[in-house]
Amino acid sequence: MLRRKIAESLTARIFWMTALVLLGAGSVTFGLIAWATPSTYTAVRNDDLAGRVQALAEQLAGTASADCGPLLDALLRDTGADAMLVGPEGELLYTSARFAMQSEYTDG
């Protein structure tokens, strides 16, 4: 009897239809935001990192490899990235950087 009253009630029908429409719209909105945010965030983050690395390369052009540690540390601290400087023949260069990756191996 109570179930039939609720099923025939216009107020109950309107409530459930409104609730379903709002849940559907909210789900679609949340889904689109969850899908789009990671790709746009990583694109912006990569562009920012590429610009900072380019600026670092320009600063390092006039600096000796032993003296470039503070510049490299500032970039690594600001971006949270890992970096290492490689010489022209592919060997890792020693810098006075505290956060850069350092070579722990030798040939032979």
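Mentor: Among contacts between residues at least 6 apart in sequence, 38% join residues at least 24 apart; contact means heavy atoms within 4.5 Å. This is a predicted model, so local features need pLDDT of at least 70, side-chain atom pairs count only at pLDDT 80 or more, and totals for chains, interfaces and linings use all residues. Residues are numbered from 1 along each chain as its sequence is written, and side-chain values use heavy atoms, with hydrogens and water left out.

Trainee: How many helices and strands does the protein have?

Mentor: There are 3 helices and 0 strands, taken as DSSP runs numbered from the N terminus (helices H or I, at least four residues; strands E, at least two).

Trainee: Which residues form the largest nonpolar core?

Mentor: Leu56, Leu60, Cys68, Leu72, Leu75, Leu76 and Ala83. Such a core is a set of buried Ala, Val, Leu, Ile, Met, Phe, Trp, Tyr and Cys residues joined through side-chain atoms within 4.5 Å. Helix 2 (10–60) and helix 3 (69–79) each give two or more residues to it, and helix 3 gives the most, with 3.

Trainee: What does Cys68 touch?

Mentor: Leaving aside residues up to four places away in sequence, Cys68 touches Leu60, Thr63, Leu85 and Thr95.

Trainee: New topic. What share of the residues is buried?

Mentor: 14% of the 108 residues. Buried is under 20% relative accessible area, exposed over 50%, partly exposed in between (1.4 Å probe, protein chains only).

Trainee: And Trp16, buried or exposed?

Mentor: Trp16 is exposed, at a relative accessible area of 52%.
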